[in-house]
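Here is a briefing on one structure, grouped by topic. Please keep the sequence and the model in view while reading.

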Amino acid sequence: MSANLSLFEAKFEVEALKAQIKHHDKKYYEDNAPSISDAEYDQLRKRLEQLEQQFPELVTSDSPTQKVGGKAQEKFGKVKHKKPMLSLSNAFDFEDVKNFIQKANRYIGEDEEKEIELFCEPKIDGLSFSARYENGVLVQAATRGDGEEGEDVTQNVTTIKSLPKKLTGDFPEILEIRGEIYLSHKEFERINQERQNAGEDLFANPRNAASGSLRQLDVSITESRNLEYFAYGWGEVSELKWSSQSEAFEKFNKYGFVVNNRTKTCKNLNEVENYYNGLYEARPNLNYDIDGLVYKVNSLQMQERLGFISRSPRWAIAHKFPAEQAKTIIKDITIQVGRTGSLTPVAELEPINIGGVIVKRATLHNKDEIDRKDIRV
């Protein structure tokens, strides 16, 4: 824990965490080749956030906690987002969700225990994008990039068959729709089978495959991959024609966008918990990957009052599913020497695929757990 850390020790750990996170951001966002699981990455970020909260003097503008995603790749033109595409704070259990609601109430001067109506939706494990429409016609599409600037992928996005090129209904003059591009499990298997037949490296998971497919300079390759998407939000809009998240989804559907049909408006935490449990059970049977749920304050008026913190809105939170688990064999235990001379046992594993990442090593840093589980070769 960080309770007994000196400022010097904290600074040393913060710099190490920053370097690790930046390395993994590049692997994930730019190379489409993550080397650690989402759960391990979340723990690195959580630790950095804890240290920066305890030692605010260590927060710098280049910290990963102050930024979103990765930078735009040079092979595509760049697009400056009219409104930043932010990421969400994370909840890992229902206590975190309860704290989120209490903080929102405190911020707007309400009783902490007051219920807030939340719009709940699956958190698609794909690639965030925005698509700009002017007078109902698609004119530009971009990746999220670092949240401020993304890649111009207009041509590639127009190959997504279910994305409207022209809107229907009573749409705003300017509408920047935001959503998540993904590959269905069926399509992912088909693509990997083709790659295997051609002697090419296989994609680790559907998310990497979707990202790699969208970022093709040869648009015909993108078109052959049958990408899909769900619309979930908006950026710049000339005129808001909805007053809540749930109403926005109804409007998006009328305009011609695909929205997820597993969303739900929940009036209290019990309903949220039931929704979470139901979707967690349904997860293995879905034809796309989800890594959790997203809860948004349903009222736009309340969202406006809550506003934003550095890299995320106060009115939304991502509730991550527990880390995936799998069994493998410990082939050996070695000792890792840290930069400060600290010694950490490391389990050398029979390689195993967890969430699309091949895991070969695991640190054994908790002595009580090592004893309790009798961990040995």
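**Helix α5 and its surroundings**

Helix α5 (residues 185–197) has 13 residues and spans 18 Å from its first C-alpha to its last, close to the 18 Å expected at 1.5 Å a residue. The expected span is 1.5 Å times one less than the number of residues. Helices (H or I, at least four residues) and strands (E, at least two) are DSSP runs, numbered from the N terminus.

This is a predicted model: local features need pLDDT of at least 70, side-chain atom pairs count only at pLDDT 80 or more, and totals for chains, interfaces and linings use all residues. Residues are numbered from 1 along each chain as its sequence is written, and side-chain values use heavy atoms, with hydrogens and water left out.

**The faces of α5**

- E187, F188, I191, N192 and R195 of α5 are buried. Buried means under 20% relative accessible area, exposed over 50%, and partly exposed in between (1.4 Å probe, protein chains only).
- Seen down the axis of α5, the buried residues fall within an arc of 130°, so they line one face of the helix. The arc is that of the directions from the helix axis to the C-beta atoms.
- K186, E189 and N197 are exposed on the other side of α5.
- The buried residues of α5 pack against α6 (206–214) and α7 (219–224). Contact means heavy atoms within 4.5 Å.
- G199 follows α5 and has a positive phi, near 75°.

**The four-stranded sheet**

- Four strands form an open sheet in the order β5-β4-β7-β8, with antiparallel pairing. Two strands pair if DSSP finds at least two bridges between them.
- β5 (137–143) and β8 are the edge strands, each pairing on one side only.
- From one strand to the next, the twist averages 25°. Axes are lines fitted to C-alpha atoms, for helices over the stretch in contact, and angles run from 0 to 180 degrees between N-to-C directions.
- Helix α8 (residues 245–255) packs on the sheet and touches β7 and β8. The direction of α8 makes about 110° with that of β8.
- Strands of a sheet pair through backbone hydrogen bonds, either parallel or antiparallel.

**Strand by strand**

- Six bridges join β4 to β5 in the antiparallel sense. A131 stands opposite A141 in β5, and R132 stands opposite Q140 in β5.
- β4 (residues 127–134) also pairs with β7, antiparallel, over eight bridges. Here S128 stands opposite E180 in β7.
- β7 is joined to β8 (residues 228–237) by seven bridges, again antiparallel. Y182 stands opposite E228 in β8.
- β7 (residues 174–182) is mostly covered, with eight of its nine residues buried.

**Nonpolar cores**

- The largest nonpolar core holds 36 residues. Such a core is a set of buried Ala, Val, Leu, Ile, Met, Phe, Trp, Tyr and Cys residues joined through side-chain atoms within 4.5 Å.
- L163, L175, W242, F252 and F257 touch the most other members of this core.
- β4, β5, β7, α5, α6, β8 and α8 each supply at least two residues of the core.
- L163 touches F129, Y133, L138, V157, Y229 and F257, not counting residues up to four places away in sequence.
- A second, separate core has 29 residues, including F100, Y182, L293 and I317.
- In soluble globular proteins, nonpolar side chains tend to be buried together.

**A buried aspartate**

- D291 is found in strand β10 (residues 290–297).
- D291 counts as buried because its relative accessibility is 10%.
- D291 is in contact with D38, K123, D125, R283, K320 and F321, leaving aside neighbours within four places in sequence.

- Most residues other than glycine have a negative phi.
- N135 has a positive phi, near 55°, and is found in the loop between β4 and β5. The hairpin of these strands has two residues between them.
- N135 counts as exposed, at 52% relative accessibility.
- N226 also has a positive phi near 55°, and its place is in the loop between α7 and β8.
- N226 counts as partly exposed, at 33% relative accessibility.
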